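This briefing is for a reader who is new to the structure shown below. The points after the lead are grouped by topic.

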Amino acid sequence: MTQHHYPFEFDPSQPYMQQASDWIADVFYEKLPEAGLELRDEQIYMAFQLERAYADKQTIFAEAGVGTGKTFVYLLYAISYARYTRKPAIIACADESLIEQLVKPEGDIAKLSRHLGLTIDSRLGRSPDQYVCLNKLDDARGDAQLEGAEHFDDIYRSLPDFVHKPETMQSFYPYGNRRDYPELSDEVWDHVGWDVFQDCMVCSRRHRCGQTLSRDHYRKSTDLIICSHDFYMEHVWTYEARKREGQLPLLPEHSSVVFDEGHLLETAAQQALTYKLNHAVFESIITRLLEGEIRESLALAIEDAIVQSEQLFERIQQSSRAVAASDRRELLWDNTLIQEVNRLHQLLDLIEEELVFESGLFTLDEYQLKIVEEHLEMIQYALSLFRKPEKPISWVMEDKSGISLVIMPKLVKEVLEEHVFSRKMPIVFSSATLSVDGSFEYTMDSLGIKQAESFSVASPYDYENKMRVLTSDSEALDEFVNQMQATVKLLGEAEGGTLVLFPSREELARFKQAMNDEPLAQQRRFLYEGTSEISHLIEAFQADESSVLCAVTLWEGLDIPGPSLSQVIVWSLPFPPNDPVFAARRADAKLPFEEVDMPYMLLRLRQGMGRLIRTSSDQGTVVIFGEEMRQPAVKERISAIMPKGVKLQAL
C-alpha cells in the first residue's frame, strides 16, 4: 500500500492506531478549528474512548448527546481503520433519513472531506425494497385499476436504454432508486418496488437490474459503505444461504461496523431474522418441477402439497386477528392449526424423498431443481420450529399478495452473538440514548451482548433556558376530540415549524382524517409520512418554516436546526405495541412493564424530544400527551429523563 493512501505520514515501526489517534487529535485541536469549527471537549473525550475499541477490536457503546460531534469522531476512526486493513467500514443507520444526513451534499462526510482536503470513498448500500423491480413494473403497467397507474409509464420511460436494449459495449450504472421518485406515495411505490417474494435468482433481467448494479457499485468502496440496520441484518441472515447458492454476500468483508442509533438494532434484527411463508410464492416455485417430465408419484405429491398449503393459509387467515398499533396480526394457535402445519411438513418430506430419486434420472433442469430445493429447505426448517418445546414467535402479515406467515426463532440474540458480536473487529454503537437510568444493560441484553466498553457524554446545550416541556394529566385531554382541539391551538400559535410524532400509523391516519376538517389545514402546510418519499418530505418541511410534519418513524435521526422546527408534539407515549414480538419478550420478563415497556418508551421519548434542540441557538417547546401521564410512577420516570434544569410544566 502506498504511503499517500493513509491520511497522515505513517511510520511502519510504530502502532498504526496510536498514529491514527494522534492524527485525529490534530484534526480536532487544529485542522477543524482552522476551518472555522469550534473545539469541543466532548469530541476529544470520545476520540480517546474509541481509540481503545479500535486498538483492541472491541464492542463499545458510545452514548453522546446532541451537539457533541460524535459523527465526526466515529467517521474518522472508521476511515482510518478501513485504510489500514484495506477493507471498507460499514456505517449502518436506523433509517433512510439518517443515511441522508450523512451523504447529502452538506452532510457530515462532505464536510469532513472539504475541511481536511481528504477524498473519502463513501457509497450507499440501500435495501432491496428501495429499488424498482422491473417485473413488478411490467405487471403494474398492465393494470390500469391500480392506484397511481398514471405514474408507471413515466417510470418505464425514465429507465436507462440498456434495460430495454441488450446490446454490447454499453455503459451500465445504478438506477431506479426510491429517492428518484419522490412524488410517489408509499402505497404506490409498493406496486413497483422490490419485495421479499421476488425470485431474483431466476430473473432474466437481474444483470440489468438497478438493485444488482447498485450492489456492484458499493462493493468496490474503499472507505465507507453506508446502509440501513435492516440491510446489515439481512446481510447477516442471508450470508450462508447466498454462499451456498453461489452468490456473493450482500456486503463485502469489512473492517469495522458503526451502528448509528444503535438502540434500534434489535428491531432491525427482528425484521430480518425471520422466515416468511406465502402460499402464492410456494405454488409458483413448486410447480416449476411440473415443467419437466417427472414421475407420477412426484406430480401427485406436489399437487397434494399445493392443496394442503392453500388449506393451511385459509386456516391461518381465519385464526388471526388485528393488533392495535401494529401491522402484525396475532395468530391464535389451536390443535387444528398445528395439525395443518404438520400435514404440510409431512408432504414436503415426501417431495424431498421423491426428488432424491428424480434427480438421478436427470429429467429436471439442474438450476431450477436447486432453487426449489433451497426453498423447500427453508420452509421445512421454519415449520420444524413448531415441533420444538420452545415454540418460535410467529405472526401474520397481509398485503396485496395475500397473507404471509412470519416465523422468528426465539434465538435472535444467539444469532447476533454468533454472526456479529463474536467477530474480532471494532463495533461501535452510537446514539444519544443507549442507556436507561444510567445503565446499558437493557440494550446489551436485548442484543445478546455479554461484554462491551461504554461511556456517556452529555449534550453541551443550555436546555434549561432553551427548552420548555409541557404536559397534561387531565382526563379531559385523554379524549380524542379534546386532544385535537388542544393540538390545533398549539399548531395555530406556533411561530415556527412543528413535528408531530405518532407511535403508530393508525394514530397518524386518524389525526390526518380529523385535521382535514379543520380550517387550520388550509392555513398551514401539513406533510404526512407515507404520502411521498421521506427525504423529499423532510426537505419540504425544512424549507417551509410554518409547516407541520406528521410522522411515525422520525423519532430518531431528524436533524433540522433553526425555526423550521421549533415545536415537537408527542401525540401519545411511545410504548411498544401488544404484538407477538413484544408479547414474547413480556412473557420472558419477571416484571414486564418495568423490564420491557418502560425502557422502550423512555428511550423512544428521549429520542423524540431530542429532535427539538439541534444547535446552541435553537429553542422551542416539547408537548407530551398520553393517558399514562396520570400515573405517578410513569410521570416520575419521565421527569427523571428531562435534560438538566428542565422541569415538566402544566399545559
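Buried means under 20% relative accessible area, exposed means over 50%, and partly exposed is in between (1.4 Å probe, protein chains only). By that scale Arg 141 is partly exposed, with a relative accessible area of 36%. This is a predicted model, in which local features need pLDDT of at least 70, side-chain atom pairs count only at pLDDT 80 or more, and totals for chains, interfaces and linings use all residues. Residues are numbered from 1 along each chain as its sequence is written, and side-chain values use heavy atoms, with hydrogens and water left out.

**Domains**

- The chain is divided into domain 1 (16-126 + 414-457), domain 2 (128-220), domain 3 (276-411) and domain 4 (467-650); the bounds come from an automatic or database domain assignment.
- Between the C-alpha centres of domain 1 and domain 2 there are 34 Å.

**Interface of domain 1 and domain 2**

- Seven residues of domain 1 are in contact with nine residues of domain 2, where contact means heavy atoms within 4.5 Å.
- About 720 Å² is buried between domain 1 and domain 2, and carbon and sulfur atoms give 50% of this area. Buried area is the accessible area (1.4 Å probe) that two parts lose on being put together, summed over both.
- Of the area that domain 1 buries against domain 2, 74% is supplied by Glu 100, Arg 123 and Arg 126, more than by any other three residues.
- One salt bridge is found by the rule across the interface of domain 1 and domain 2; a salt bridge is a side-chain nitrogen of Lys or Arg within 4 Å of a carboxyl oxygen of Asp or Glu.
- The side chains of Glu 100 and Arg 179 form a salt bridge at 2.9 Å, N to O.
- The rule also finds two residue pairs in polar contact across the interface of domain 1 and domain 2, both at pLDDT 80 or more. A polar contact is a pair of N or O atoms within 3.5 Å; within protein, one must be able to donate a hydrogen and the other to accept it, and residues adjacent in sequence count only if both atoms are side-chain atoms.
- On the side of domain 1 that touches domain 2, helix H4 (96-103) and strand S3 (122-125) each supply at least two residues. Helices (H or I, at least four residues) and strands (E, at least two) are DSSP runs, numbered from the N terminus.
- Strand S3 gives the largest share of that side of domain 1, three residues.

**Salt bridges**

- The structure holds 27 salt bridges.
- Arg 141 and Asp 153 meet through their side chains in a salt bridge (2.9 Å, N to O). Arg 141 lies in helix H6 (residues 134-141) and Asp 153 in helix H7 (residues 149-158), so the pair ties together parts that are 12 residues apart in sequence. Asp 153 is partly exposed, at 32% relative accessibility.
- Asp 186 and Arg 178 form a salt bridge whose closest N and O atoms are 3.1 Å apart. Asp 186 is partly exposed at 28% relative accessibility, whereas Arg 178 is buried at 4%.
- The side chains of Lys 489 and Glu 493 meet in a salt bridge at 2.8 Å, N to O. Lys 489 and Glu 493 are separated by about one helical turn, because they are four residues apart in helix H20 (residues 480-493). Lys 489 counts as exposed, at 52% relative accessibility.

- Tyr 218 lies in helix H10 (residues 210-218) and is buried, at 1% relative accessibility.
- Not counting residues up to four places away in sequence, the residues that Tyr 218 touches include Arg 123, Phe 231 and Leu 251. Leu 251 and Tyr 218 are 33 residues apart in sequence and 8.6 Å apart in space, C-alpha to C-alpha.
- Ser 221 is in the loop between H10 and strand S4 (224-228) and is buried, at 5% relative accessibility.
- The side chain of Ser 221 reaches the backbone oxygen of Asp 121 at 3.0 Å.

**Positive phi**

- Most residues other than glycine have a negative phi.
- Arg 86 is not a glycine, yet has a positive phi of about 65°. Arg 86 sits in the loop between helix H3 (70-85) and strand S2 (89-93) and is exposed, at 59% relative accessibility.
- Glu 261 has a positive phi near 50°. Glu 261 is in the loop between strand S5 (257-260) and helix H12 (265-272) and is buried, at 7% relative accessibility.
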